[in-house]
Amino acid sequence: MIWREQTKTLVKFAIVGVANTLVGLCSIYLCKWLLSFGDVLANACGYSLGLALSFFLNRRWTFRHSGPLIPSLLRFLLIFMLAYMSNLATVLALINAIGIDPYYAQAGGILPYTVIFFFGGRFVAFRPYSIRADLR
C-alpha cells in the first residue's frame, strides 16, 4: 500500500516536472520571439514561470500540502537551490574531472537534481503539516 502511494507521488512529481519544463521553455522562446528579450532575461522569465508552476502543482497535487504558504515556499526555494547546485556541481565534475562531453554531462546532472528535489519536496518543503509542529 505504501509502495503504491509513493509510486503514485513519484509519477505526479515527474508529470509536474515535464509540465514546468514545457512552460519554462515555451516562455523562454516566446519572450525571445515576441518580446525580443535577450537570452538572460528570457531565461530568467521562463525559469521563474516554470518554478512557480512547479511550486503550486507540487504543493497542491503531488504532495497535497495544506500547511502555511510562505514557509513552504521558502523551504521549496531552498530545496531548489540545493538541487540546482548539486546539478551544476555534477555537470562541472563530469566535464572537468572525468572529461565527459558537455551535452552528456548536462543529462548526467538531472539525476542528483531530481533526487534532491523530490525528497526535499516530500520531506522538507511540503512535509506533512501539523499545528503542533508550528507551536514549537
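Two or more lining residues are given by each of helix H1 (2-33), helix H2 (39-62), helix H3 (69-96) and helix H5 (110-125). The model is predicted, with local features needing pLDDT of at least 70 and side-chain atom pairs counting only at pLDDT 80 or more, while totals for chains, interfaces and linings use all residues. Residues are numbered from 1 along each chain as its sequence is written, and side-chain values use heavy atoms, with hydrogens and water left out.

A pocket is an open set of points on a 1 Å grid over the protein atoms alone, where a 1.4 Å probe fits and protein lies on both sides within 12 Å along at least five of seven lines; lining residues have an atom within 4 Å of a point. Grid points are joined across faces, edges and corners, and a volume is the space filled by probe spheres set on those points. Helices (H or I, at least four residues) and strands (E, at least two) are DSSP runs, numbered from the N terminus.

On this basis, the largest pocket holds about 620 Å³ of space. H1 supplies the largest share of its lining, 8 residues. Sorted by class, the lining of the largest pocket contains 10 nonpolar, 11 polar and no charged residues. In this sorting, Ala, Val, Leu, Ile, Met, Phe, Trp, Tyr, Cys and Pro are nonpolar, Asp, Glu, Lys and Arg are charged, and the others, Gly among them, are polar.

The second largest pocket has a volume of about 190 Å³. Its lining is made of 15 residues, with Thr62, Phe63, Arg64, His65 and Arg122 closest to the centre. Here too H1 gives the most, with 5 residues. The class make-up of this second lining is 4 nonpolar, 5 polar and 6 charged residues.

Turning to the chain as a whole, the secondary structure amounts to 6 helices and 0 strands, which reads along the sequence as α-α-α-α-α-α. Along the principal axes, the C-alpha atoms fill a box of roughly 45 × 40 × 30 Å. Of the 136 residues, 29% count as buried, where buried means under 20% relative accessible area, exposed over 50% and partly exposed in between (1.4 Å probe, protein chains only). Among contacts between residues at least 6 apart in sequence, 63% join residues at least 24 apart; a contact means heavy atoms within 4.5 Å. The accessible surface comes to about 9200 Å², and 73% of that surface belongs to carbon and sulfur atoms. Such areas come from the Shrake-Rupley method with a 1.4 Å probe, and for residues only the protein chains shown count as cover.

Asn20 counts as buried at 18% relative accessibility. Its contacts, leaving aside neighbours within four places in sequence, are Gly50, Leu53 and Ser54.

Ser86 belongs to helix H3 and is buried, with a relative accessible area of 16%. Beyond its neighbours within four places in sequence, Ser86 is in contact with Pro112, Tyr113 and Ile116. Pro112 itself lies in helix H5 and, not counting residues up to four places away in sequence, touches Ser86 and Thr90. Pro112 and Leu78 are 34 residues apart in sequence, and their C-alpha atoms are 15 Å apart in space.

Phe126 is placed in the loop between H5 and helix H6 (131-134). Phe126 counts as buried, at 1% relative accessibility. Not counting residues up to four places away in sequence, Phe126 touches Phe55, Asn58, Arg59, Phe63, His65, Ser72, Phe76 and Gly121. Two of these partners, Phe63 and His65, are also among the residues closest to the centre of the second largest pocket. The C-alpha atoms of Phe126 and Val115, 11 residues apart along the chain, are separated by 15 Å.

Finally, the count of salt bridges comes to 1, a salt bridge being a side-chain nitrogen of Lys or Arg within 4 Å of a carboxyl oxygen of Asp or Glu. The side chains involved are those of Lys32 and Asp39, at 2.5 Å from N to O. Lys32 is partly exposed, with a relative accessible area of 35%, whereas Asp39 is exposed, at 53%.
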